[in-house]
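I opened this notebook to keep track of what I looked up, entry by entry. The structure comes before my notes.

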Amino acid sequence: MNAVITVLGKDTVGILAKVSTECAEVGVNILEVTQSVLQGMFAMIMFVDITGCTVPFSRLVDSLTEKGEEMGCRIHVMHEDIFNAMHKI
């Protein structure tokens, strides 16, 4: 099972490190990541494998949302099935 994590906010040192650490602590494996900084705004998309996640998906969502608030960013986690359903014609 996979999920998509998006991070948006003002660029600061350590955003990628903090999000990836949060994932690693609960057994979430990062498969792909892309990031950009546009006029001081940080944007990142991560495609992650949640098969080995040691906490319920809802707890992962909550902890990353909280981490985003601590960093002054918005972090959104979406299960791959929902993401695919939203983008299917």
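I took helices (H or I, at least four residues) and strands (E, at least two) as DSSP runs, numbered from the N terminus. The model is predicted, and I kept to local features with pLDDT of at least 70 and to side-chain atom pairs at pLDDT 80 or more, while totals for chains, interfaces and linings use all residues. Residues are numbered from 1 along each chain as its sequence is written, and side-chain values use heavy atoms, with hydrogens and water left out.

Entry on Ser-63. I found Ser-63 in helix α2, and because its relative accessibility is 12%, I noted it as buried (under 20% relative accessible area, with exposed over 50% and partly exposed in between, for a 1.4 Å probe and protein chains only). Its side chain reaches the backbone oxygen of Leu-60 at 3.0 Å.

Entry on the sheet. In what order do the four strands of the open sheet lie? I read the order as β2-β3-β1-β4, with antiparallel pairing (two strands pair if DSSP finds at least two bridges between them). β2 (29-38) and β4 stand at the edges with a single partner strand each, so one side of each has no neighbour in the sheet. β1 and β3 pair over nine bridges in the antiparallel sense, and Val-7 stands opposite Met-44 in β3.

Entry on the helices. I saw that α1 packs on the sheet and touches β1, β2, β3 and β4, whereas α2 packs on the sheet by touching β1 and β4 (contact means heavy atoms within 4.5 Å).

Notes:
A polar contact is a pair of N or O atoms within 3.5 Å; within protein, one must be able to donate a hydrogen and the other to accept it, and residues adjacent in sequence count only if both atoms are side-chain atoms. Axes are lines fitted to C-alpha atoms, for helices over the stretch in contact, and angles run from 0 to 180 degrees between N-to-C directions.
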